[in-house]
Amino acid sequence: MVTGPSGAGGAQHGGAPAERGAVRRPERAAFGTAEPKTDISLPREKLLRAKEIKARKKILGENRQNAEMERAARLRTALIPLDEVRAEWEKSSGPFHKQRVAEHCAVFRDLFRGATFTPWVTLRVEYSQEDEHVVPVYYGNMVTPSEASSPPAVSYEADKGSLWTLLLTNPDRVTNIPGNDMQSGKEICHYLPPFPAMGTGYHRFIFLLFKQDRRIDSSEDVRPTLCHRLKLRTLSSFDLYRKHEDAMTPAGLAFQQCQWDSCVSWVSHQLLSEKWPVRGAGGAVTQPWGEAQGR
């Protein structure tokens with residue numbers, strides 16, 4: 001988790017969020033009648049539906065009178081401004097789409113025990129790769145442990161002087177971030193690459209952005225600078241939120257899914273100095289990881 005000062009957001013992505021791989025719903029997520037949920041979202045001024053419809057009708061009317069646009073559409077030469085489409089999506093229906101996907105993947109159930117929020121603030125997360133391309137984190141797309149071996153770049157738009165907290169479950173946390181200046185925030189626990197055990201399927205890794213009303217005292221939660229002991233790194237996201245809920249409100253969300261690859265062995269042996277279990281059918285432990293890797 002990191003907290004720090006506000007600032008302008010980072011690079012824009014063109015077009016709608018094309019995610020790699022299907023979103024997988026955790027098997028333990030229950031179906032059935034939905035229970036009423038507590039809304040813990042940031043307060044947001046509601047745009048009157050009548051005004052929204054009026055504005056859209058005005059745009060449609062202007063488009064119909066645009067001869068060049070009509071001709072390009074007829075000849076199939078019209079170019080769609082994907083950056084503008086995505087920006088409009090982020091401001092209108094995008095937050096609700098993200099919320100529904102997160103509910104489908106049991107994110108709110110597991111992190112906030114049933115409470116929910118609409119991610120009004122766009123959170124952009126990207127892992128840089130050696131060949132200079134980036135792997136983005138959207139809303140449940142697949143990211144391999146190898147691709148996530150280094151800390152990602154995180155950006156969002158924020159007002160000057162505001163304070164934020166960024167939390168990555170499984171776990172990595174920074175608090176008291178001034179604006180969007182990550183380097184100026186107070187790191188509670190440093191980044192550790194994903195390490196899903198072999199045979200355990202897909203694991204969710206969730207980035208949560210909280211807006212703070214004031215600075216919070218996180219001195220009790222700070223871990224050692226290089227903390228590779230899992231017991232020390234364990235911190236309940238829900239308990240942390242309940243502890244500071246009067247000072248911070250969930251505002252942004254992005255999450256990825258990971259399953260085991262060869263990079264996990266390196267994390268296990270070199271960073272954690274542990275032999276991780278290999279699980280077979282039905283979740284039974286078949287052999288220690290070290291033996292599975294011929295160690």
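## Salt bridges

A salt bridge is counted here where a side-chain nitrogen of Lys or Arg lies within 4 Å of a carboxyl oxygen of Asp or Glu. In this predicted model, the side chains of Asp-221 and Lys-243 meet that description, with an N to O distance of 3.6 Å. Asp-221 lies in the loop between E9 and H6, whereas Lys-243 belongs to helix H7, so the pair ties together parts of the chain that are 22 residues apart in sequence. Asp-221 counts as buried, at 8% relative accessibility, while Lys-243 is partly exposed, with a relative accessible area of 43%. Lys-243 also meets the side chain of Glu-220 in a salt bridge, here at 3.2 Å from N to O. Glu-220 is placed in the loop between E9 and helix H6 (230–233) and Lys-243 in helix H7 (residues 237–244), so this pair ties together parts that are 23 residues apart in sequence. Glu-220, at 66% relative accessibility, counts as exposed.

The structure holds eight salt bridges, and another of them joins the side chains of Asp-110 and Arg-204 at 2.6 Å, N to O. This pair links distant parts of the chain, with Asp-110 in helix H5 (residues 107–112) and Arg-204 in strand E9, 94 residues apart. Asp-110 counts as partly exposed at 32% relative accessibility, and Arg-204 counts as buried at 16%. Elsewhere, salt bridges that share partners join Arg-86, Glu-90 and Lys-98 into one network.

In soluble globular proteins, nonpolar side chains tend to be buried together. The largest nonpolar core in this model has 25 residues, and of these Leu-123, Tyr-127, Tyr-156 and Trp-164 touch the most other members. At least two residues of this core are supplied by each of strand E2 (124–128), strand E3 (134–137), strand E6 (163–168), strand E9 (203–212) and strand E10 (248–258).

The surroundings of Leu-123 can be listed in more detail. When neighbours within four places in sequence are left aside, Leu-123 is in contact with Val-154, Ser-155, Tyr-156, Leu-166, Phe-207, Leu-209, Gly-252, Leu-253 and Ala-254.

## Cysteines

A search of the whole structure finds zero disulfides. A disulfide requires two cysteine sulfur atoms within 2.5 Å, and the sulfur of Cys-258 is 9.7 Å from the closest cysteine sulfur, that of Cys-263, which is too far for a bond. Cys-263 is likewise in no disulfide, the nearest cysteine sulfur being that of Cys-258, 9.7 Å away. Cys-258 counts as buried, at 0% relative accessibility, and Cys-263 counts as buried as well, at 14% relative accessibility.

Gln-212 has its place in strand E9 and counts as buried, at 5% relative accessibility. The side chain of Gln-212 reaches the backbone oxygen of Arg-214 at 2.9 Å.

At the start of helix H2 (residues 67–74), a side-chain oxygen of Asn-66 reaches to within 3.1 Å of the backbone nitrogen of Glu-68. Helix H2 is followed by Arg-76, whose phi is positive, near 60 degrees.

## Confidence in the model

The average pLDDT of the chain is 80, and 76% of the residues score at least 70. Among the elements of the chain, the mean pLDDT is highest in E2, at 97, and lowest in helix H9 (residues 289–292), at 43.

Which residues have a pLDDT that stays under 50? Another is residues 289–295, for which the model has 20 contacts beyond four places in sequence.

Technical notes
Residues numbered from 1 in each chain as written. Heavy atoms only, no water. Core = buried A, V, L, I, M, F, W, Y, C linked by side-chain atoms within 4.5 Å. Buried < 20%, exposed > 50% of the residue type's maximum accessible area, 1.4 Å probe, protein only. Helix = DSSP H or I, 4+ residues; strand = E, 2+ residues; numbered from the N terminus. Contact = heavy atoms within 4.5 Å. Polar contact = N/O pair within 3.5 Å; in protein donor to acceptor, adjacent residues only side chain to side chain. pLDDT = per-residue confidence, 0-100.
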